[in-house]
Each structure stands twice: as C-alpha cells, then as structure tokens.
Amino acid sequence: MRTSAAIAFLMLLVCTVLADDASQTPRESYEAFVNAVLDKDIDADAQQATFERYFDFDTWLKERSAEEGKVYTEDEQTELRSQWFALFGSTQFRETYRSRNVKILEEPKPDLENGRAELVISMDTKEGATEKFRVKMTLSEDGTHWRWYSIPRIGEPVETLTPAERIERIEQALKLITEKRTELDAQETALRKELARLRAELAESDAGDSPFATPQRVVETAWKAIEKGDADRLLDCHPTRRVSESNLEDVTAKLDKLRKRLMSWEILDSVIEEDDPARATVRVKLKLQRTGDTDERTVSVPVVRDGNEWKIDEAP
C-alpha cells in the first residue's frame, strides 16, 4: 500500500459501537477499532491500546516490504508505526469519516484455518458516487479477535506478478538484507574497536604514579627491568601465582639472554577486554639483534587486575 493511499483508505471506517467479546467476529473487531477512533472521551492510553489490538502493523509492513522490495530499518519501522497511530488518533481523521456514509455490505465466512478474513464496505465520495472497498484482516495470535491491515478499493487494478517476477523481488529483498547485514557488521566492528580504545584510554588516564597502575604502566615497568637486568623488579610485575610457579635462577638466565639481544622496545597500545574489564592485552614492538637483518616483531602481553594493581599474567 502506498503511503499516499494509506490516508485515503483509512477514511473508510464505520461508526458502530459494539462491546468487546471474548471471541469477536471480523465485523465486531473492525467496529471496535472504529469506536476507539470516534470516541472523543476515551483515555489516550486506552485508545492507543485499542489501535494496537485491532491494527496489524506487522502484516501491513510485511506486504509493503514485499511490494516495494525494500527492507526497513528498526528506526524506519518505528517511525512508520508512529505515523499510523498518530493518524488514527487525529481529529481530522475522526471528523472526516464521521461525515461519510460508510456501510459494511458483506461479511464472508472467515478462513479460520489460515487465520484470514475480509469485509466488504462502501463509502460515498465527495462527488456523490459510491465506491466499494475490501477490509483485509488476520486472526490474532490468541484467536479472540481480528486485526485489519489493508483496505484496497474493489475494482482497482491489482498488480499480478508471475512466479519469475516474485522470485526477482524476493532475491532483491534478500540482497538488501545481505547488504544491510554487511553494513551493520562493519558498524559493529568499528564501534567495538572504538569502545576498546576508549576503555584503554580511560584506564591509562589519571591512574596515579604506581608502576602497576595501568596495563601499559606495568608492561613498561617490566621492560625497563629487562633493560637493567633486574630480575626481582621483573617478578614484581607478575601476580603472586605466576611468581610462585617460577624459579629466580631460570628467570635471571632468560632475562640476561633477552637483554643481550634487545635493541629497543616500544609500547604500541592496549585493549581492555569487552567481557572482562579486569583483563587486558598490551602490544609491544621489539627490535632484537640477530645475524643479518634486525629481528622486528610485535608481542602481545596479557595483563590482569590484581587488587588495585595490574600485573602481567604469564610466566616471567
């Protein structure tokens, strides 16, 4: 249904007041919707609840999406829904079809198996002519009432699609979904990257003077200890659990070996884990001596919060 046509066919509703029934017919459901539109004294919340009960926005949107080969975003769906209900509750909408001679002409037997029903109504135009319309409805999930979603004019040319044309439209819709999913995935990746950067930036700022105050600070302290050959200081950069698993002589030997090859080191960045803000990874760029070209590599150092301090969470 085109947006321009939406306002026109909404002016077709009939002013008949019937009480809600535990199991309403299509006619009763349609008239209950109309009653909420026409009632000037109804509470706004109650009116909105009635509109949502008797108007099937999801089916309307599904048909419109298929018709136009378009996938609507959540924001677009929210805006369309808001426009519908604003229209239903407007004074112009209410007064316009008050003046029309709207009649329910036919109520064919509903298709209960498929949850579908139709009403045939008539309405006088401003020029004095009478036109017929078909109110298309679906059965509610609990089976207690019916919900309308489209009111096409009878006699209006209906677009008939061949199977090949329907396949083409479905393929177009699926392509749009794929494109939208790719776009959303890219947005998610960018947002997660920015979130990690901001968390790391926050963790590094205003953390005090302790050499173990932040993920980058403890790694920096450890590499300064390696440069100086200070095994005890290097062990201070690790949690008690990791220190207890190590041997001072072995640590000293490894430190001396690395120190002899170490030319330079540079901390590149740090990332706070999204699911566990007490864990992080710090990247360090190294330049090591070797026969021939310089050995350049980037290592990732895991760190963990240990009380109020950060420590390197791997064997020293």
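Glu194 and Arg197 both sit in helix α7 (residues 163–204), three residues apart, about one turn of the helix. I took helices from DSSP runs (H or I, at least four residues), numbered from the N terminus. This is a predicted model, where local features need pLDDT of at least 70 and side-chain atom pairs count only at pLDDT 80 or more, while totals for chains, interfaces and linings use all residues. Residues are numbered from 1 along each chain as its sequence is written, and side-chain values use heavy atoms, with hydrogens and water left out.

I found a salt bridge between Glu194 and Arg197, with the closest N and O atoms 2.8 Å apart. (A salt bridge is a side-chain nitrogen of Lys or Arg within 4 Å of a carboxyl oxygen of Asp or Glu.) Glu194 is partly exposed at 34% relative accessible area, and Arg197 is partly exposed at 41%. The cut-offs are under 20% for buried, over 50% for exposed and partly exposed in between (1.4 Å probe, protein chains only).

Next I checked Glu309 and Lys311, whose side chains meet in a salt bridge (3.7 Å, N to O). Buried or exposed, which is Lys311? At 9% relative accessibility, Lys311 counts as buried, while Glu309 is partly exposed at 29%.

Then I looked at Arg81, which forms a salt bridge with Asp58, the closest N and O atoms being 3.5 Å apart. Arg81 lies in helix α5 and Asp58 in helix α4, so this pair ties together parts 23 residues apart in sequence.

Last, I noted a salt-bridge network linking Arg241, Arg242, Glu245, Arg279 and Asp313. By this rule I get a count of 24 salt bridges.

Definitions and conventions. Helix = DSSP H or I, 4+ residues; strand = E, 2+ residues; numbered from the N terminus.
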